[in-house]
Amino acid sequence: MRQDIKQYINGEWVESHSGQTLDVINPATEEVMGKIAAGNKQDVDDAVAAAKKVYVKFRNTSLEERKALLERIADEYENRKEDLIDVMTDELGSPIEKSESVHYQMGLNHFREASKAIDSIQFEERRGDDLVIKEAIGVSGLVTPWNFPTNQTSLKLAGAFAAGSPVVLKPSEETPFAAIILAEIFEKAGVPKGVFNLVNGDGQSVGDPLSSHPDVRMMSFTGSGPTGRKIMENSAKDFKKVSLELGGKSPLVVLDDVDIEEAAKGAVAKFVQNTGQVCTAGTRTLVPESIKDEFIAAAKKAIENVKVGNPREAGQDAGPVVSKKQFDTVQSYIQKGIDEGATLLHGGVGKPDGLEKGYFVKPTLFTDVTNDMTIAQEEIFGPVGTIITYKDLDEAIEIANDTIYGLAAYVYGKDLERVREVAKALEAGTVEINDAGRKPNLPFGGYKQSGIGREWGDYGIEEFLEIKAIPGYFKE
């Protein structure tokens with residue numbers, strides 16, 4: 001069992017002022033896999049003070065120094081590959097192959113990309129006799145979710161380091177150990193003391209003091225809407241800059257000229273990946289009425305082939321959801337779908353056969369869903385998908401955009417002119433065409449209640465920069 005019960009503040013592992021700990025549960029076994037420090041306001045104050053002390057010095061480091069730092073971090077990250085894969089398989093319940101190909105790899109990509117993206121930002125621009133400067137915003141508080149323990153932390157940290165902003169990180173208390181390994185990586189890579197500070201604990205004891213702290217100039221948060229709202233309220237008291245990446249209820253629009261079997265496989269994969277615990281999950285599949293029956297038959301075949309099981313065993317497509325609380329939430333949504341009259345095509349309430357221990361959920365797909373149903377409007381965060389039919393593309397676009405969210409969307413079709421027309425009409429920060437994938441140099445963020453701001457690559461660095469104008473700088 002892991003015993004990581006210290007905080008990382010000002011380049012040292014120190015005792016938490018609370019003297020208390022939190023248990024971390026392995027969701028595949030329902031057993032305690034480790035303990036972390038339960039931080040408090042004093043821990044946050046110490047961490048912010050350490051970051052504030054080095055802010056000006058770190059802001060003034062050269063771009064070449066920051067690029068070299070990010071490359072050293074990425075190299076050391078690669079050295080800890082097996083440790084990261086191992087711990088995420090246990091703390092998140094991610095299938096071990098996915099821990100490597102998705103979680104580990106995405107974290108590495110963000111550090112490498114940020115190093116390259118520095119060159120694409122014009123940190124100083126002459127306009128006649130005047131100068132415009134982009135410089136680090138200052139001490140930044142980072143609060144990250146449990147569903148991507150390296151991706152969400154790495155993209156924020158890489159952006160902040162590239163900009164020259166020191167940080168205080170509060171990772172999720174449900175998946176904290178990957179962040180602890182990151183702290184060890186930064187120490188080995190030579191991140192200057194005070195530039196990175198880690199305070200473990202829960203939202204009330206650590207997140208609230210961090211987002212309310214007067215010396216924190218920016219808050220970057222990924223997670224649920226209610227928590228994002230709380231962080232925004234706290235930050236508004238002294239007008240901090242806020243970057244939020246929140247929920248989603250992403251539509252996947254299927255056109256009538258698709259390869260039905262391939263489209264059905266892709267649609268199912270979009271809501272079972274990471275056991276459905278993805279803010280960009282394509283949970284609303286919109287299908288033309290003309291191919292409804294064929295598509296449903298193909299989707300049923302695809303979801304029946306999804307393998308759910310022990311994340312330590314090779315070949316699993318999905319593991320457990322992260323916690324008992326999340327399991328109960330997903331179960332309640334599945335029951336609500338049944339109660340509201342949707343047709344249960346596959347899955348349902350309860351655990352898959354043979355998996356009585358662990359927070360395993362049956363991959364579930366509903367048909368005959370209307371867009372006003374709860375399961376079509378609220379984010380479930382589990383392997384639950386819906387199929388909704390439409391008459392024509394105008395109706396498909398109307399249904400797709402009929403949501404409070406706008407983080408991601410997907411379009412499948414062979415007629416690229418129509419595909420592009422639909423993609424441009426969808427209200428989402430990312431619209432992926434025919435499984436093109438997302439590259440780390442593209443902006444990521446949402447419309448509407450999916451958030452504020454953009455992350456990844458140069459856009460992620462820009463979030464941690466302030467803009468200064470100096471009129472007459474070049475005037476003789």
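## Helix α4 and H110

H110 has its place in helix α4, where helices are DSSP runs of H or I of at least four residues and strands are E runs of at least two, both numbered from the N terminus. This is a predicted model, in which local features need pLDDT of at least 70 and side-chain atom pairs count only at pLDDT 80 or more, while totals for chains, interfaces and linings use all residues. Residues are numbered from 1 along each chain as its sequence is written, and side-chain values use heavy atoms, with hydrogens and water left out.

With a relative accessibility of 4%, H110 counts as buried, a term that stands for under 20% relative accessible area, against over 50% for exposed and partly exposed in between (1.4 Å probe, protein chains only). Not counting residues up to four places away in sequence, H110 touches N151, S154, L155, A158 and W456, contact being defined as heavy atoms within 4.5 Å. Although H110 and Q152 are 42 residues apart in sequence, their C-alpha atoms are 9.4 Å apart in space.

## The annotated active site

In an unreviewed entry, UniProt gives the annotation "active site" to E245; such positions follow the numbering used here, feature names are shortened, and annotations may be inferred rather than shown by experiment. E245 lies in strand β12, which covers residues 241–245, and is buried at a relative accessible area of 2%. Beyond residues up to four places away in sequence, the residues that E245 touches include Q152, C279, L407 and E455; F221, T222 and G223 are also among them.

## R66 and the coiled-coil annotation

The unreviewed UniProt entry places a "coiled-coil region" at residues 60–87, a span that is 86% helix and 0% strand, with its end C-alpha atoms 36 Å apart. R66 is found in helix α2, residues 63–79.

A polar atom of the R66 side chain does, however, lie 3.0 Å from the backbone oxygen of R59. Among the residues that R66 touches, leaving aside those up to four places away in sequence, are F58, I118, F123 and F161.

## Helix α3 and its cover

Helix α3 spans residues 81–91, and its buried residues are L84, I85, V87, M88, T89 and E91. What covers these buried residues includes the strands β1 (2–4), β4 (21–26) and β5 (31–37), as well as α2, α4 (96–117) and α6 (177–189). Just after α3, G93 takes a positive phi of about 80°.

## The chain as a whole

The protein chain has 15 helices and 21 strands. Its radius of gyration is 23 Å, close to the 23 Å that the globule rule gives for 476 residues, so the chain is as compact as a globular protein of that length; the radius is taken over C-alpha atoms, and the rule is 2.2 Å times the number of residues to the power 0.38. The C-alpha trace spans about 70 × 60 × 40 Å along its principal axes, and buried residues make up 57% of the 476 residues.

Of the contacts with a separation of 6 or more, 74% are between residues 24 or more positions apart. The unreviewed UniProt entry places the feature "domain: Aldehyde dehydrogenase" at residues 13–470, a span that is 41% helix and 19% strand and whose end C-alpha atoms lie 41 Å apart.

Definitions and conventions:
Polar contact = N/O pair within 3.5 Å; in protein donor to acceptor, adjacent residues only side chain to side chain.
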